[in-house]
Structures are given as C-alpha cells and as structure tokens.
Amino acid sequence: MPPEPTLSVITPPRSGAVAAPAPGRRRLRAGGLALGVLLLAAVAVLSLALGAKPLSLADVWHGLTDPASPEYAVVHQGRLPRTLLGLAAGAALGVAGAAMQTLTRNPLADPGLLGINAGASAAVATATALLGVADLDQQVWYALLGAAAVTVAVHAIAGGRQATPARLALAGAALNAALYSYVSAMMLVDSTSLERMRFWTVGSLAAARTDTVPSLLPFVLAGLVIALLVTRPLAALALGDDSARALGARPGLVRGAVIVAVTLLCGAATAACGPIVFVGLLAPHLVRALTGPDPRRLLPWCAVFAPALLLTADVAGRLLGRPGELQVGLVTAVVGGPLFLHLVRRGRVGRL
C-alpha cells in the first residue's frame, strides 16, 4: 500500500514578520545604508563649504573649531544652522512620506499632496498676518495645529474608516488647493505678511538661525521616535486589518500613532522652512528600490537619504543662483517633477 499522505503545517509569521533576506541581500542592504551615511556626510560638508563665498575644507574646519578664524562667523551664523535645519527637515519629511505611503497603501501619499503642509502653512500665515507672530517658537505650535486639523479633515472627507487611497488623494488635493489659495490671498491683502512670507511660502533653508534647530528638534525627534516604534505593527497593517489583528497588531492604535508622528514631523518642518514639495514623495520611492516595502527598513533609510536629497537641492540652488540663490523649494519642484515622472514611466511608482 502506498504511504498515507501527510499534512504540513504552515506556521504564520510573527507580528510584522517577513521572510529573512538571503545573506547576500543583507550585505547589499548594509552596504547601501553605509553608503547612504557617507553620502549624507559628504553632502553636509559641501553644504558648509559652498555658497556665495566658497570655502576650502581647511577653512570649514577652522570655521567650525577656531573662534578667531575669519570663517567662524560665516560657518556658525549662516551655514551650520542651515545645514542642521536641512538634516532635521529632510529626515522629518522623508520619514513622514514613507509612513503615510505605507499606512494608506497609496504611492502618491505625501505631506504635500494630502494637504498637510498646506494646513501648516495656512495656520502660520494666519498667525503671522492676524496675530503678528514672527517667532519660530510660537509659529511651530500653529503649524502643528494646522497640520493636525487638515489630517483629520482629509481622513473624514475621504470617508473615515472606509477611506480609500483614491479618496484620500482627492480630498487632500482639494484641501491643498483651497488652503494655498487662502495663503496667497492673505499675502496679497497684507503687504507686511507678503514681505515676511514671500520666501517662506516657496520653501527655504536660508532663514535658519542658531536657535532654529533647537526649537525644531524636540518635535522632530518625538515624531521620528513614534514613527520608528510602530514600524513592526505598521508592517503587519500593510497586510490588512484582519491579518494585522491576527498577528497581534491594533490597527486603530497604529493609525493614530502614525497620524501623530506625521503631524509632528510635517508641522515642525513646515514651520521652520515652509512647504517643501517632493522630498516626502520621492525619497521613499527611491529608497524602496533598495530596501523593499518593509517599513522596518524603509523608514530608517528615509531618515538618511531624504536629508541628503534636500541638502543636495539646497547646495544646487546656491550654485545655480549665484551671486544670489534659488530657494530649495523651487529646486525640489523643478527637479522632482521630471524625476517622479521618470519613475512612473519605469513602473517604479505604485508598487508598495
């Protein structure tokens, strides 16, 4: 008699677990992350060295370490705060974009496309024009309030629990257009607000001062910590609510945590440098080609590669606009649009 067939039992993975990558794949990813850290360090050095007055590496070092050096004021009062702001804002926008794309399963999810940056901008514009608020320590609270209000509004308009990626994108686009029209109207009506905000609304790192990053950092760090802590249940949530519950995740709690993290990250970044587009949209798509869709790798990598992308755009704006400069928001828009279209044509966008 033939042997009786046996049943094999497939053990489900733990919460958020995925198949372990091959050793070669792990080495490739580790090497890619190390390369990203080196790239970020190189771009940060270039940000300190290049500008209206180019500095050599020796001048940069003396400007950082020697108070008697003639380059000390240039580095410490201008370029170092600007570089640190680019690092913080780039990490915030990149991680926020990756978290939103993973949560909504929408490849077009982005702090700009879903109206979150516009909400922060509208709140800051209102506080500036009507209340005379000009201090970053105060502006950041209005930006957080505006970002949170628009996040809730987009989710509610899109149908709440029944919200689909298409509905979220449509609701975000509608609110985005309405709020930026409101900001433009506020600036046209109030000439003082126009003077204060004409560079901020484009997106710029040029206004960074020595106290900018210390005011911004607590909010960015809190948002990054929350986002990174929920990467494992967020990976489970990508399988669907029922599967996530079976794996031990709590979908409602995960969504709430991601919304809080995105609000903190986008509100703080927008308050400090204005609405910068395409960084939160492009960085996750570029990184996902190396890491795959698992948010446990995607979000930390975005925290490295997104600031490198933002600082590169800022340095390019300084070089292309000499003797003045092009605002970083203009550079990311001009370069990001064609690059994103290229990714769409190659089929790199839409696979989450």
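How many of the 16 residues of H4 are buried? The answer is 13, so that H4 is mostly covered; buried means under 20% relative accessible area, computed with a 1.4 Å probe and protein chains only. The structure is a predicted model, in which local features need pLDDT of at least 70, side-chain atom pairs count only at pLDDT 80 or more, and totals for chains, interfaces and linings use all residues. Residues are numbered from 1 along each chain as its sequence is written, and side-chain values use heavy atoms, with hydrogens and water left out.

**Overall architecture**
- The chain contains 14 helices and zero strands; helices (H or I, at least four residues) and strands (E, at least two) are DSSP runs, numbered from the N terminus.
- Of the 352 residues in the chain, 48% are buried.
- Contacts (heavy atoms within 4.5 Å) between residues at least 6 apart in sequence join residues at least 24 apart in 75% of cases.
- The accessible surface comes to about 16,900 Å², and 68% of this belongs to carbon and sulfur atoms; the areas come from the Shrake-Rupley method with a 1.4 Å probe.

**Helix H4**
- Just after H4, Gly132 adopts a positive phi of about 70°.

**Thr102 in helix H3**
- Thr102 lies in H3, which comprises residues 72-104.
- Thr102 has a relative accessible area of 10% and is therefore buried.
- Leaving aside residues up to four places away in sequence, Thr102 touches Leu234, Pro295 and Leu298.

Definitions and conventions. Buried < 20%, exposed > 50% of the residue type's maximum accessible area, 1.4 Å probe, protein only.
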